[in-house]
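Me: I would like to go through this structure with you, one topic at a time. Please keep the answers plain.

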Amino acid sequence: MTDKMDLQDSAASASMHGFGRIFITKSKVLRLVWICFMILFVALLAYFLTPVLKRYFSNPSVTKEETVIAPRIRFPAITICGAGMSKEKLDKFGKLHNKSFEMYDDVEGIGFSRDMREEDIFQKLGTHENIKGVMPEKEKLFLKNLSGSCMFKMQSGCNLSTDIDTILVVERGYCFRINPNGTYFQSRAGPGHGLAITFFLNTSDKVPWTKSNNGDSIEAIIGYHDEYPFPSIGSVLIPVGHSTQVELGKTEIERLPPPFPSKCTNGDNMPLLLYPGEYSIQNCQESCFAFKVSDKCDSLDFYTNTSLPKELKKPFPKTEEDFLCGFRIYENLEKTNFASCKCPLSCYETKFTKTISYSRWPSAADMPIYKKLFSKALGMNISQVTDKFVERNFMRLNIFFGDMTYNKVKETKMYTADKLISEIGGLMGIWIGASMFSLLEILFLLVQVIQYGFGSKKLRKENDLTLENTKT
């Protein structure tokens, strides 16, 4: 049984002295003063501790940005899309299927035949049939009619004869995708250590998709290799007769999932994504649009039909009103910034900034050299490859990292459990002079107080019983 002396000794030895003085002070006035001080400081502790706990349980985050110096940087995937169709192959296709081709502008500005089925044109021909790539350094054509000069280090495995896929791109048709698996790395900075490709666009054989075609050109979509190449992620126009230089900057972004503010996702809980590759906002929004069009319209365009599951496919549009249905849905989604689609940010994202410059190409001094190279590469007589022919049908693309650094943006937890404990400990130390050890002492002291209280009560009962027996 705990007696009064044990209780006073425990209170006197407690490291949180203010609490102990309540028990060891003999003066009732001073004891009351110590009690008032304890109540005041405990209240102040609660006052300052409340916002700390609120911040912790609100899951705040902080974004940190750093510049990383890298010995090598992973190169993006480059998707090359044509700006038209091959007239020769289109005519052959029309004669084979007894179809006629008529150019006109629909509501989206895409020209195609009223008689030909749009899906047949894309599936049989694609939109890259009149694009070829030539490699002046080796004077030969590579597979898939596309090639270029790989100026990466040999150990990076850059091989434009094999590292090219064909992919169907929304609103662009079938395109070439260079470095689809992300196997290319740039190990030195500058235009001489990136990717350089010379293209041949047979403009005399080209049928543009729009009547309002802005010159003869092709398009390069630059993006992360695991991302579907939507044109909205960043495309570059490559006009004929020019050298297009694209200096890249890279930013890697890492965000936190719910309940943190970014509320990002890696796509595991997004079963309605239609397009291949990692989750992205563009993939979510385009997929959302496709499902809405399938639900509300009686017909679907080629791209949407190709993407949707078999059970959701519908007939292809035949009238202008058919096209307007999907157009209106997309227009309404854009006005609300796709709010109804509920597309969160991606937890992992790689963005590329582009600094683009154009110059006339080739120069007058280099023209004789290129004419010889191009005539051999295309199997043409040198007399056919005139200055005007080169200027109207050839273009060059050079993509590279300007320096061997990239930005890394990472969202991290502002308050971790260890930081919370440290902050609570600091406040307890300031206001009541307590630590974890002090709390154990106080707990032990409270147990002794309870034991003393029960012991005193039992002793009083025994004394009362003894007094009654004495009187009897």
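Me: Which residue is the bridge partner of glutamate 66 in β17?
Reply: Lysine 408 is the bridge partner of glutamate 66 in β17. Helices (H or I, at least four residues) and strands (E, at least two) are DSSP runs, numbered from the N terminus. The model is a predicted one, in which local features need pLDDT of at least 70 and side-chain atom pairs count only at pLDDT 80 or more, while totals for chains, interfaces and linings use all residues. Residues are numbered from 1 along each chain as its sequence is written, and side-chain values use heavy atoms, with hydrogens and water left out.

Me: How many bridges do β1 and β17 form, and in which sense do they pair?
Reply: Strand β1 (residues 61-69) pairs with strand β17 (residues 405-413) in the antiparallel sense, over nine bridges. Two strands pair if DSSP finds at least two bridges between them.

Me: And β14 with β17, parallel or antiparallel?
Reply: Strand β14 (residues 242-254) pairs with β17 in the parallel sense, over four bridges. Threonine 251 has asparagine 407 as its bridge partner in β17.

Me: What is the strand order in the open sheet of five strands?
Reply: The order is β7-β8-β3-β12-β13, and the pairing is antiparallel. At the edges are β7 (164-169) and β13 (235-239), each of which pairs on one side only. From one strand to the next, the twist averages 30°; axes are lines fitted to C-alpha atoms, for helices over the stretch in contact, and angles run from 0 to 180 degrees between N-to-C directions.

Me: Over how many bridges do β3 and β8 pair?
Reply: Strand β3 (residues 77-81) and strand β8 (residues 173-178) pair over three bridges in the antiparallel sense. Arginine 177 in β8 is the bridge partner of threonine 79.

Me: Changing topic: how many salt bridges does the structure hold?
Reply: It holds five salt bridges, a salt bridge being a side-chain nitrogen of Lys or Arg within 4 Å of a carboxyl oxygen of Asp or Glu. One of them joins glutamate 423 to arginine 55, with the closest N and O atoms 3.4 Å apart. This pair links distant parts of the chain, since glutamate 423 is in helix α11 (residues 417-431) and arginine 55 is in helix α3, 368 residues apart.

Me: Why does glutamate 423 count as partly exposed?
Reply: Glutamate 423 counts as partly exposed because its relative accessibility is 28%. Buried means under 20% relative accessible area, exposed over 50%, and partly exposed in between (1.4 Å probe, protein chains only). Arginine 55 is also partly exposed, at 33%.

Me: Which residue forms a salt bridge with arginine 255?
Reply: Glutamate 349 does, the closest N and O atoms being 2.9 Å apart. Glutamate 349 is in strand β15 (residues 348-360), whereas arginine 255 is in the loop between β14 and α6 (281-296), 94 residues apart. Lysine 351 forms a salt bridge with glutamate 349 as well, with the closest N and O atoms 3.9 Å apart.

Me: Are arginine 255 and lysine 351 buried or partly exposed?
Reply: Arginine 255 is buried, with 13% relative accessibility. Lysine 351 is partly exposed, at 43%.

Me: Where does methionine 270 lie?
Reply: Methionine 270 lies in the loop between β14 and α6. Its relative accessible area is 19%, so methionine 270 is buried. Not counting residues up to four places away in sequence, methionine 270 touches Thr265, Tyr279, Cys284, Lys342 and Pro344; contact means heavy atoms within 4.5 Å. Methionine 270 and cysteine 343 are 73 residues apart in sequence, and their C-alpha atoms are 9.1 Å apart in space.

Me: What about threonine 304, buried or exposed?
Reply: Threonine 304 is buried, at 6% relative accessibility. Its place is in helix α7 (residues 302-307). Leaving aside neighbours within four places in sequence, threonine 304 is in contact with Phe289 and Ala290.

Me: Last one: how much of the chain is buried?
Reply: Buried residues make up 44% of the 472 residues in the chain. The secondary structure of the chain comes to 12 helices and 17 strands.
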